[in-house]
Every structure is written in structure tokens, then in C-alpha cells.
Amino acid sequence: MRLEPIANPSLGRSLGPPALAVAATVVIASLLAMVAGANPFSVLGLILKGAFGSQFAALETLNRATPLIFTGLAIAVAFKAKFWNIGAEAQLYAGALITVVLGTGALPWPSFALIPTLMVGAVLAGAVLLLIPAILKTRFGVDEVVTTLLFNFIFLLFISMLLEGPLKDPMGMGWPKSARVLSEARLPRIVDGLRLHWGFGLAILCAVAVWVIQTRSTLGYEMRAVGLNREAAAFAGIPVNTVLVKTALMSGGLAALAGFSEVAGLKGSLTLDLSPGFGYTGIIVAMLALLNPLGVIVTALFVAGIFVGADSMSRAAGVPTYLADMMLATALLLMVLAILLTRFRVVRD
Amino acid sequence: MEILDILISASFWAAAIRIATPLILATMGELICERAGVLNLGIEGIMVAGAFAGWMAVYSGTGLWVGVAVAMVVGMGFGLLHSLLTVPFGLSQHVVGLGVTLLATSSTYYAYRLALPQVTSPPKIAAFQPYEIPILSDIPLLGQALFSQTPFTYLAFALVAATSIMLYRTPLGLAVRAAGESPAAVAAQGLSVTAIRMGAVIVGSGFMAMGGAFLTMSAFDSFFFEMVNGRGWICIALVVFGSWKPGKALLGAVLFAAFDALQIRVQQTSLGADIPYQIFLMAPYILSIVALVLVSRRAEVPAALMVPFNKGER
Amino acid sequence: MKPGSEVVLRLDAITKRFGKLVANDAISLSLRKGEVVALLGENGAGKTTLMNILFGQYTADSGSVEVFGQTLPPGNSRAALDAGVGMVHQHFTLADNLTVLENITLGVQSLFGWRVNKAETSLKIRRLSDDFRLKVDPDARVGSLSVGERQRVEILKALYRDVKILILDEPTAVLTPQEADDLFATLRIAIANGLSIIFISHKLHEVMAISDRVVVLRHGRRVAEVDVADTDKTALSGLMMGVEAKAPDIAVARPGKTLLSLQNISTPNIKNVPGLCDVSLDLKAGQIIGLAGVSGNGQAALADVVGGMRMPSQGVLVLGGEPLAQWSPRKAVQSGIARIPEDRHKTGTIADFDLTENTILEGYNSTPFSRAGWMNWSKARRFATDIIDKYDVRCPGPDTRIRLLSGGNMQKLILGRVLEADPQIVLANQPVRGLDIGAVNYVHSQLLAARDRGAAVLLISEDLDEIMGLSDVIHVIAGGRLSPGFARGSMTPAQLGIWMAGQGFDSADLDGEVAHAS
């Protein structure tokens, strides 16, 4: 077989394979539910209901989507330049760490000063953390996939060390948990009485900003050029290494905002289970969005919906929640294949 | 002084070899994939799946070696999925690899929950027991370290030799090495690049799963979530460290494991009492990064690694 | 030996389409034992496609291939090899990390067995290289071989399999004239040993020299088949091109002042590719300097230095009278150097960018395309539209991904991109490789126009005919060293060939040379 590019893909060609990928994912999820001895229709219905079936559920989904938008953006920015940042998990914790270090009393400032400071601090922490793999890559040619992955393990151990040492909350009854941030550091709710904080608004804002940068700025043009063809970019005079470092700073900063928003908006303190793998799930969010920053908002809501829905489905139907992870992994693999098929025709050769 | 005592003790080296075994198996698997030109980031998840599959098979009543075979077959299944997407379709090896890791991990956990819905602590199996090789195991230090291991470890060492012989002494190995360097050369000689690469990924994934199975069937006797704990990623670093050569990669794995065994032991000494244990746990990961920094500049990467081959591309 | 009557190979009405393009339109061809058939045609005429179908790398849409009376299964290189067909590809298919012996034996034995005795294999290779005059060391790593040696390995790969039919795709493109003669000697030995040969070329004198019969392809059609004895170069040229395509007229050059001067430049070797070794060269306004040489002899390093990709490790670059302290691609562009890269697919363009984005690849960073870090896409799009019109880029519009353009149109866009700013210096590295005759003439006329406008042009090419036709002064590069400059018409191809082979540098007393480098 051989792949042949399609000059002018028809509408069916552009929409058919992705639609099939979604359908196949649903079918596979149904089969998996049947393996678990449940009725597939009720399982899918329960997921949907659990995710969007009530105001409470929908707000829960939005809250869950917030960190995913940040990490999804972080991955989308990096992958666009083919900088393989798999370390969003560590960068998220870096942002959370700065938030609790500065937000638990070190800076006794009012909200309007404290919150922006924490944000900037978090962004810097995440950026600096990813700067190390970026420099190892551009200076020493070390593959960033392995270094960013290993950084996740190193940094989580570092957090664990701090939570059992200097950052340990004396009132925490022995749990490895930080003190709570000041009330001035907490992100307010968007609408009074509804459990949704401004972290979500910030995430949407970031998505729009990233989109503008990618499509309208010279940096965005450089990042796309570097991602698509590093050799041609270098030949044309684009400073490839500088662009990669800038990409890393942006990506790390965005991922760190997820940690900031989780601590300042939702949890109030830092624990080792702050993120149930938001950094890794961000990869799925970004890929499903085809690395489009605005698409990330949509896919983050979708992914968050599946997780939230699967939690309540699991309680009701007794199917393990890991069904959600399997669905997303399947969707990811099928979607990358589907996207290929929108642009290439498989011909026998 | 304490450290020196540790380094000359046979039990230390025996532990190092035990810790090295899963790394050796999975590193060989990754090495075969990469030598054929495919980066397999599914390694972490495939190890998880292998760990569960082998253990579950034995728990359900099969023999130990059948369990190893089951793990291998499950790994090969994920290898088939990976290679199908990355070789004929040429999809991003990064994305597919991470996708396979997610899929393998989540389906393992799903299967675990389905198979053992009620249990709070996972059941144990009768794992592989050490087998002292007659005569050889009587050699001081070396005998204890190398020849008093479980048969699974002996198998791992045999597989390193087999991989090395396959790569450098057989027509198949020649084809694999050529596929990772110049797929066009392979196609021009009437061989199928697709078949060679897919075969390498499938077999390599089988080895990775065996590496996972060692954890549940020889190192321990039970399956826990998170038990692979980044070992797969370390194996990817080991392949680079070993310059894509089986012997060097084996050496790297043993060195790495020795360091890991050392940090475990130093934790228990008076020296270790004052230092947070997390520092020791971090050390192996940091060591991997340092090793990569040292070798990456002069590494002889297979020229066609991560480069998809589309027959007759114009 | 006179060709026998036994037909060893028959292609019957082969048709192959790529999308809308008909690459082969019902082409038939037969080859008799002991015969050399030349497949003549311009780039894009469908020669390589036809041979790839014969060799099973493509599947024909219709038609059949018969070898020794047996129909070959389509799309199966292995079957072609087993039937006794061997192919020497234009782009070598060798693995650099393997030895000559390993490359030759790759895939010969069953994959699932043990390697046969290495000494025996080595002996057979040595015997073949003696018999066919293909000197090469079986234990050398292919990565360390010269281009000529690599081609010998390619031919040995086929001979080792005892092929009966040998296909050579543009085999002389990478050789010096002397090496080409050696190749022909080898081919004659092969014929004497009962092989039959298909020789793909677009060079008339070679076709006349080696073949018995010529099949001419044009635009995917077979337009003629003639015995060499019954034809001549002029007739063949007419058949090959159809209407006589006019090569551009060349006015006398009026060299002006030196715009860029390379003074005693050296660069380090990278792996087996030589760098430059004490090279001095002046690029003068209104003059085309041609750089002849076998590929892999330092052309890349020279192009990199001139194009800003590499800073020399020794020596000085003097631009407009000023020695350069810093040098980068961007600096080169801003200094008015137009760079036409060797590989337009890999370095010249970004396949998944549209034409607009590709057109501003070098200029995106300055007005009018951007200001203070923000793009002005409407200006960029207008510029792209202008280039498309002015340089006759055939495409659906500026929003088309460049991947979908033909090589010729891609090259026209690159020409437009770099020539539109009236550059002072033009670096043209293999500017017509793979282009059809219309595009070739277009590119050449643009280079000449740039020269006549007062630009200094450095033309790098492996095609000696192109160099000799276009250059006002020719330098030969071999092993990273640069020959003196030779004025237009002062050297024969054979004389240049001696320099290309790296001889002549040490005995500086050949005819017609203008001592220049010191």
C-alpha cells in the first residue's frame, strides 16, 4: 500500500474518517461495557448524564476541564513546534508549588496584587522547569521525550519531599499536605453561588491568546515552520533553537497555570494527588483538538465530561472507571489515523 | 566505609542483577524496535500489561513458563497495534507510542478490576524461585551474584546473547539493521520494509512485556498498580546510553541497577538516615538524564529512526 | 557480440497514472538477449516510473511485464529479482552503516537462516569485481566510499544475484567523464557475458555510444523506437523534445567588481563528507561562475559558507569589501544573497505550508510582511500572488499547500522568492535537478537575466553539460579543494574530468588554466 496526498479533499473526505473514529470509539466502549456485564446503552447514557445531566454535573465537568485546557494548550503549543514536552505533569506541580509557597502567607497582599503575582510566579516556575530539557536538547542533543518524562518522576518526588518536610501543614494531622493558601489568594467564583472559579475564564483567555499568537504573530509563524520542517526553517534563517526555547517557556508556563488554578481556584492546598494525570491527559486533549488552541477548549470539555461521567457511571453500573481512560486512548489512536485519512488516500501499490 | 562494604558484598550484586533483569528484557525489546527504525514509546504501558498478564495467567492456574508466554503474546498484541499505525500508515511514533502506553495501562487496570472486583490487596502467586547453577554458583562473589538467580534472569541474559547473534550474525539481523538505516536499500533488495519493521516492533514489544512480567513473577509475586513506575522510560534512555548495541545496553542496565541497589542500601545506613528518602529515589532518574547528556552528542543514532518509509514515494 | 533474437524482456502496454497525471501511457518495449536498449527522454517523460513498474516498486494500472516468457506478478520487487532483473537506481539504495559485503548480501539469502560463509561471499565479490572491473573493498563501510565506488557496489549487488537483465537509471549523472567511460567498459563486459541492459538517460552522446536501440519517451508516451545505426543526435534530440525547445542565448559576460570574496576558506570534514580546504574564490558582478565536480566533494560546504549556513573554521569572507565577523542565513539574505537550495523539498520549502507562507519564508521577519512581531497576512498574500503571476507558477492559488505542486512550479516559486528583491549574489545549487526541459530553460534564463542585470551567480551542478553551457568561468571542486578558474570554452569535458577526479591539483601545468588560487 501507498499513501497519496489528496489535492482537494471533499467534504465527505474531511468529515468521514473523524466521524467514523468517534463512532468506532463508542462501539468499542460499548463492547468493553458488555465485557464488564453491563448494558452498553445504559452505560453510555449514564456517562452522558453524569457529565452534563444536571447543573451540578455540568459545573463539575467545567471544573475538571479547566486544568485540562491549560495542559492541553501546553502540549498543543509544544507539539506544534514538534517539541515533545511530555512533562506537563511536573510543570503543573511547579505552578502549584509556587502558588502555595507564596500564597500561604509569605506575601500578605490584597487579592488584586497577590493573584497576578502568583500567576506570574507559577508561569515562571513551569517555564524554568521545562527550560532545562529544552537546553539539554538544543545544547547537548538529548531527546526531550525521555528527559521530560523522567522529570515528572523526579519532580513529584521533590514535591513529596517538601510536603513531608518544610511545606508540611502542621495542622494536617500527619498527612503530606501543605497549608491552605490565604483567602486573598483564592480565585473568586465567576457567578456567585455557582461552583465555578475564574480559573476557567483564565483558561479560555489563554486559549484565545495562544490562538492569536499562533496565527498572527511572527513567533507563531516560526513555531509552525520549525514544527513542520526544521531543516527548511533553519535554511530560511529562522533561529530554530531560540524558537524551541521560546516554545518550551510558553508550554511550561501554560502547564504551570493548571497547577496554579487548581490550588488557587479549587483545592486551596497542595497534595500529592492534586493532579490525577492532567499533564498526560493534556496530550489527548491537544491531539484530539488537532493542536488547535480553540479546539482544545472543546476537547477538554469532552475529555472532562468522559471522566466525570465515568465516575458517576461507575458508581451506578459497577463498570470500572478505567473505561474512561480506555475510551480516550482508543479515541486518540483512531483520531490520528482518521486525520491522516482526511489528507491521504490509501492506494494499492 | 559502609559503602565500600556494600559494594563488595555478594548480596548487593545479586540484588543489582535482579533489579537489572526487567530493564535488560525491556531494553532489548526497545533496541530491536529502534534498530529497525521505530521508536516504541508504548514500552511503559506494554510492561504494565505484561506484568499483569503473566501474573494473572499463573494466578488462574497455568504454569510459570506459560505465564511468561502469555505476557509475551499480550505484549506482541500491543506491538502489532503500534506497528500497524506507525509503519504502513507512518503516523507519529511519539503520539502512537504514548497512545499505546495509555491504552495498555488503562486496559490492564480495567481487566484487573474486572477479574478481581472484590479484593483489597492483590493475591500472591508462587513465583519463580532462585536456582543455583551447579559449580558456577560456588564461585566467590560472582557465583552468588550471577548464578543464584531465578531462571527468568537466566532467560534474560540468554535473550541478550540471542539478540546480539540475531543482529550481527544472521541475514535477518542484517535486514533489521538496514531497515533502521536505509529502508530504501532494503526495498531495493526485494525485502519488505513494512514486514521487517512490524516484525521487529512486535517481537520487541513481546520482550518488553516479559520485562514487565519479571516484576510480578520473579522480583515480586503479586501485581500492584504503578509497579512499573517509569522503568520503561529508563529503558529508552538505556538504549541511547548503549549506542543501540545489545552488549553495551546490558552493561548500562547492570550499572544502572547497581546504582539503584546501592541507593536502597545506603538509605538504610547511618548516612542515609539524615537525608530524605526521596533524594535516593530520585537518584536513578537523575542518573539516567546525566548519562544521556554524556552520550547524546556522539551517539550513532540509526539514520532512519522515526522516519516512516512509504514505498515508491515521489 | 550481435544481439540475438531471443526476447528476454517484454513490457506490454504499461499504463500508470498518479492522480490526473498519466506518467506512462500504454508503453510497450522489448529487450533481446545481449542488447543494450536506451530509454531516452527528458525529466518527467516517464522513464523512471516505467522502470519502477518493471522492478515491482510501483504497480501498473494496466499492462504486463514478461521476463523470459513468464509474466511477473505486479508490485513485487522480489519476483523481479528472482526472475533475473537487477536495477541500479539513480539515488543509491545503500545502507551507510553496513559494509560493502553486507549491502551486497542483504536479502540474498532466506532471512531465517544462518549467514553463509563470509570468506566464500567475499571471494565471490572479489571475483566479480575483477571480472567486471568494478574495484571495491568488500569490507569497507559504505559510508566511507566515494560516489563512484558506491555505484560500483550497486552494480555488484545486481551481478552478485546473477541477474540477466540490468537496468541502469541515469548512471552517469554522478560520474566524471572518465568514470563514465569505465562504466561503459563494464557494461560491455556484461554484454559479452550474456546480460541484457536497459540504459536510462537524457544524454544523447551516451545513448549513441553505448546502445543498440533507442526507445524515446515524451510526456509519458512512447514516441519512437530506432536503431542507433539509423539515427543521429539531431534526430534523437528532435524526437526527445518534440518541438525544438530553444536553449537561452548567452550574451558575452561583462564582469564587474568583486561582490563576495572567499579568502583561504577551510571548513572541517563532517563524517565522510569533506569540508573545504583552503578555498579562495571571487564572485564578480555580471558573471556566472560554475562549480563542477562529483557530488560529495565539498560543494555542500561551499554552498553552506556562501549561503550563511556555516561559518568557516579558517579564512575570511569579504562581502562588499568588508570582512564578515558574523554569518548566518538571515544575514546572508539581508546582504542580498539569493539562495536556491540543493533540495527544494527538504530545505527549500515547507511541504505543509501554503504558497503564501512559503513565499515569505525568508522575509517574514521584516516589513511589509510583519511589524513589531505581528504578521501582515494580506501583504504576504499579495506578494505571493505577484510572484505566482510573474514567475508563472501553475497552481490553484496562494492558499494551496506547496506539497501539491510539481517540482518545476515549486522551483519557480523559490526563484521568485529569492530573485524578486534584485539580489546582488545568486547561489544556485543544483537548480534544475529533476526538472523537465521547459522548467530547465526557464531557470537558466532567469539566472542569465540576473547575471545581465549585474548579479554575481555561483552555479553548482553535477551536470557537466549544464556547467559548461552556462558558466563564464568554471572551477572544479574535488576533495574540498578548488581548481583555478577556466574561461568559457577553454576546457574539454575530458580535461575537466581529470580535475574532477582530483588529479591536476598537484601538477599545475595543464593547458588553458588561469592561475588564480595561490
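Okay, quick one to start: which residue in β12(C) is the bridge partner of Leu260(C)? The partner is Leu283(C), and I'll come back to that sheet in a moment.

First, the ground rules. What you see is a predicted model, where local features need pLDDT of at least 70 and side-chain atom pairs count only at pLDDT 80 or more, while totals for chains, interfaces and linings use all residues. Residues are numbered from 1 along each chain as its sequence is written, chains are lettered from A, and ligands are numbered from 1, both in the order in which they are written.

Let's start with chain C and how it is divided up. The domain assignment gives domain 1 (7–241), domain 2 (246–336 + 423–518) and domain 3 (350–422); those bounds come from an automatic or database assignment. Domains 2 and 3 of chain C have their C-alpha centres 27 Å apart. Between them, 11 residues of domain 2 touch 10 residues of domain 3, where contact is computed from C-beta atoms placed from the backbone that lie within 7 Å. On the domain 2 side, helix α15 (residues 437–452) of chain C gives the largest share, 5 residues. Helices here are DSSP runs of H or I with at least four residues, strands are runs of E with at least two, and both are numbered from the N terminus. That domain 2 side has 8 nonpolar, 2 polar and 1 charged residues. For the classes, Ala, Val, Leu, Ile, Met, Phe, Trp, Tyr, Cys and Pro count as nonpolar, Asp, Glu, Lys and Arg as charged, and the others, Gly among them, as polar.

Now back to the sheet from my opening question. It's an open one of 4 strands in chain C, ordered β12-β11-β14-β15 and paired antiparallel; strands pair if DSSP finds at least two bridges between them. At the edges sit β12 (279–284) and β15 (322–323) of chain C, each pairing on one side only. Strand β11 (residues 258–266) of chain C joins β12(C) through 5 antiparallel bridges.

β5(C) is held to β4 (residues 62–67) of chain C by 2 antiparallel bridges, and Glu66(C) stands opposite Thr71(C) in β5(C).

On to helix pairs. In chain A, α4 (residues 88–103) and α11 (residues 278–288) pack at about 125°, axes 6 Å apart. They are therefore oblique to each other; the scale is under 35 degrees for roughly parallel, over 145 for roughly antiparallel, 65 to 115 for roughly perpendicular, and oblique for the rest. α4(A) brings Ala88(A), Glu89(A) and Leu92(A) to the contact, and α11(A) brings Phe278(A), Gly279(A), Tyr280(A) and Gly282(A).

In chain B, α4 (residues 64–86) and α5 (residues 93–115) pack at about 155° with axes 10 Å apart. That makes the two roughly antiparallel. The residues of α4(B) that meet α5(B) include Phe78(B) and Leu81(B), and the whole contact splits into 6 nonpolar, 4 polar and no charged.

Last, the chain interfaces. As for chain C, 28 of its residues are in contact with 18 residues of chain A. α10 (329–334), α11 (344–348) and β18 (374–375) of chain C each supply at least two residues there, and by class the chain C side has 13 nonpolar, 10 polar and 5 charged.

How values were computed:
Two residues are in contact if their C-beta atoms, placed from the backbone, lie within 7 Å. Axes are lines fitted to C-alpha atoms, for helices over the stretch in contact, and angles run from 0 to 180 degrees between N-to-C directions.
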